[in-house]
Amino acid sequence: IKFNVMHPDTGESAQLTRRIRRYVRIKEHTSESQRRPIVRLRVKLANIDERIDFTLVDRRKFSQQVLIGRNLLQDLAIVDVSKKFTVQNTDISDYETK
């Protein structure tokens, strides 16, 4: 499947192509359920560098492109919700395109 991600600083779009690993049905309380494809992507977050599964959905109307969930953070990080941006900003210009 082909999809686009946006560079958060420049707004520049990068097209990625990934194999669909499977589909998942997401139930939303306000509407009918959605069938979403799942792809595996590499995530770099501070000293965490992992490949994890993401469901794809159009997030253009949201301020954040991705939601990082407990599956990535479990056993790897402690989250302090009272703090923001505790790690120095990293260069995200090297999107993995393989």
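User: Which residue in E5 does Arg-40 stand opposite?
Analyst: In this predicted model, Arg-40 stands opposite Asp-53, a residue of E5. The side chains of Asp-53 and Arg-40 also meet in a salt bridge, with a distance of 3.0 Å from N to O. Since Asp-53 lies in strand E5 and Arg-40 in strand E4, the pair ties together parts that are 13 residues apart in sequence.

User: How are E4 and E5 paired, and over how many bridges?
Analyst: E4 and strand E5, which covers residues 48-55, pair in the antiparallel sense over eight bridges. The two strands form a hairpin with two residues between them, and Ala-46 in the turn has a positive phi of about 55°.

User: And what holds strands together in a sheet, in general?
Analyst: Strands of a sheet pair through backbone hydrogen bonds, and the pairing can be either parallel or antiparallel.

User: OK, which strands make up the open sheet, and in what order?
Analyst: The open sheet has three strands in the order E3-E4-E5, with antiparallel pairing. E3 and E5 are the edge strands, each of them pairing on one side only. Neighbouring strands of this sheet are turned against each other by 40° on average, if direction is ignored.

User: What does Arg-42 form a salt bridge with?
Analyst: Arg-42 forms a salt bridge with Asp-49, and the closest N and O atoms of the pair are 2.7 Å apart. Arg-42 is partly exposed, with a relative accessible area of 38%, and Asp-49 also counts as partly exposed, at 39% relative accessibility.

User: Changing topic, which residues form the largest nonpolar core?
Analyst: The largest nonpolar core has twelve residues, namely Phe-3, Val-5, Ala-14, Leu-16, Val-39, Leu-41, Val-43, Ile-48, Ile-52, Phe-54, Leu-56 and Leu-72. Strand E1 (2-6), strand E2 (13-17), E4 and E5 each supply at least two residues of this core.

User: What does Phe-3 touch?
Analyst: If residues up to four places away in sequence are not counted, Phe-3 touches Ala-14, Gln-15, Leu-16, Arg-18, Val-39, Leu-41 and Leu-56. Phe-3 and Val-5 form the covered face of E1, whereas Lys-2, Asn-4 and Met-6 form the uncovered one.

User: How many bridges join E1 to E2?
Analyst: Five bridges join E1 to E2, and these two strands run antiparallel. As one of the facing pairs, Met-6 stands opposite Ser-13 in E2. E1 and E2 form a hairpin with six residues between them, and in the turn Gly-11 has a positive phi of about 75°.

User: Last one, what is Glu-50 in contact with?
Analyst: Leaving aside neighbours within four places in sequence, Glu-50 is in contact with Leu-41, Arg-42, Val-43, Leu-72 and Leu-76. Glu-50 is found in strand E5 and is partly exposed, with a relative accessible area of 33%. Glu-50 and Leu-72 are 22 residues apart in sequence, and their C-alpha atoms are 7.9 Å apart in space.

How values were computed. Residues are numbered from 1 along each chain as its sequence is written. This is a predicted model: local features need pLDDT of at least 70, side-chain atom pairs count only at pLDDT 80 or more; totals for chains, interfaces and linings use all residues. Side-chain values use heavy atoms; hydrogens and water are left out. Two strands pair if DSSP finds at least two bridges between them. Helices (H or I, at least four residues) and strands (E, at least two) are DSSP runs, numbered from the N terminus. A nonpolar core is a set of buried Ala, Val, Leu, Ile, Met, Phe, Trp, Tyr and Cys residues joined through side-chain atoms within 4.5 Å. Buried means under 20% relative accessible area, exposed over 50%, partly exposed in between (1.4 Å probe, protein chains only). Contact means heavy atoms within 4.5 Å. A salt bridge is a side-chain nitrogen of Lys or Arg within 4 Å of a carboxyl oxygen of Asp or Glu. Axes are lines fitted to C-alpha atoms, for helices over the stretch in contact, and angles run from 0 to 180 degrees between N-to-C directions.
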